[in-house]
Amino acid sequence: MGKLPAPARLAALLAVLALAIAVQPFVSPAHAQPALVESTPGDGDIIDTAPETINLCFDEAIRTDFVVTIRVPNDQTVPYTPLLRSGGECLDLRVGKVPPNVRGEWSLQWRVTSAQSTAPGTGSFEFTVRQGSSGAGSGAAADSDGPDLLEVPVITAAVFGIAAFAGLVLYAIRRKIGFDMHRPPPEGAGDEHH
């Protein structure tokens with residue numbers, strides 16, 4: 001078998017190229033899953049208090065049928081209000097009421113769908129909260145190791161108020177009965193019992 005002449009080789013190459021172009025619309029391209037490219041807090045971060053908002057950003061726009069689960073150390077889930085930012089790549093999760101004792105490792109699991117290819121993507125990450133208190137917007141009560149700073153002055157003012165009121169009442173009673181510790185008793189009043 002000999003070599004094909006140059007015009008035949010060119011015709012064969014053009015035929016293969018034409019076939020590839022004709023079949024291309026029927027071949028489904030392999031689409032990558034949406035991937036998390038940035039988060040706040042990030043995977044492995046250690047933060048002081050429970051976050052008010054968790055931000056997730058993906059490498060492509062996602063659909064609104066996402067599912068995100070936020071778990072705290074006592075295996076309770078935390079409610080959130082989602083907001084998909086314009087462009088559709090970033091998702092803000094406004095953290096709702098956080099249960100007590102949230103100190104420790106939090107986990108976040110997500111499942112999203114690509115807005116273009118409808119390919120699903122899943123993932124998870126963890127971060128650590130140092131204190132039991134939460135951000136101001138979460139509505140959670142802070143863990144306390146001592147008295148509240150506002151309690152001390154209120155209790156002190158109440159004690160002084162009660163003492164002042166008691167002193168005023170005793171003074172009024174003493175004035176009413178006419179008793180004065182510094183005045184000597186009337187003559188003859190102290191000799192009756194001797």
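## Elements of the chain

A strand here is a DSSP run of E covering at least two residues, and strands are numbered from the N terminus. By that criterion β2, at residues 46-47, counts as a strand, and Pro41 sits in the loop that separates β1 (36-40) from β2. The model is a predicted one.

The chain holds eight strands and two helices.

## Burial, contacts and surface

The chain has 194 residues, and 24% of them are classed as buried. Its accessible surface is about 13800 Å². Carbon and sulfur atoms account for 60% of that area.

For contacts between residues separated by at least 6 positions in sequence, 62% link residues that are at least 24 apart.

## The disulfide

One disulfide is found when the whole structure is searched. Its partners are Cys57 and Cys90, with an S to S distance of 2.1 Å. Cys57 belongs to strand β3 (residues 53-58) and Cys90 to strand β6 (residues 90-95), so the bond ties together parts of the chain that are 33 residues apart in sequence.

The disulfide is right-handed because the torsion about the S-S bond of Cys57 and Cys90 is about 115 degrees. Cys57 and Cys90 are both buried.

## Backbone exceptions

Most peptide bonds are trans, and most residues other than glycine have a negative phi. The backbone features below depart from one or the other of these patterns.

The peptide bond running from Thr40 to Pro41 is cis, its omega being near -5 degrees.

Asp75, which is not a glycine, has a positive phi near 65 degrees. Asp75 is placed in the loop between β4 (67-71) and β5 (80-84). Is Asp75 buried or exposed? With a relative accessible area of 55%, Asp75 is exposed, because the cut-off for that class is over 50%.

Thr118 also is not a glycine, and its phi is positive at about 60 degrees. Which loop holds Thr118? Thr118 lies between β7 (104-113) and β8 (120-129). The relative accessible area of Thr118 is 46%, so this residue is partly exposed; that class lies between the buried limit of under 20% and the exposed limit of over 50%.

Key
Residues are numbered from 1 along each chain as its sequence is written. This is a predicted model: local features need pLDDT of at least 70, side-chain atom pairs count only at pLDDT 80 or more; totals for chains, interfaces and linings use all residues. Side-chain values use heavy atoms; hydrogens and water are left out. Helices (H or I, at least four residues) and strands (E, at least two) are DSSP runs, numbered from the N terminus. Buried means under 20% relative accessible area, exposed over 50%, partly exposed in between (1.4 Å probe, protein chains only). Contact means heavy atoms within 4.5 Å. Accessible areas come from the Shrake-Rupley method with a 1.4 Å probe; for residues, only the protein chains shown count as cover. A disulfide is a pair of cysteine sulfur atoms within 2.5 Å.
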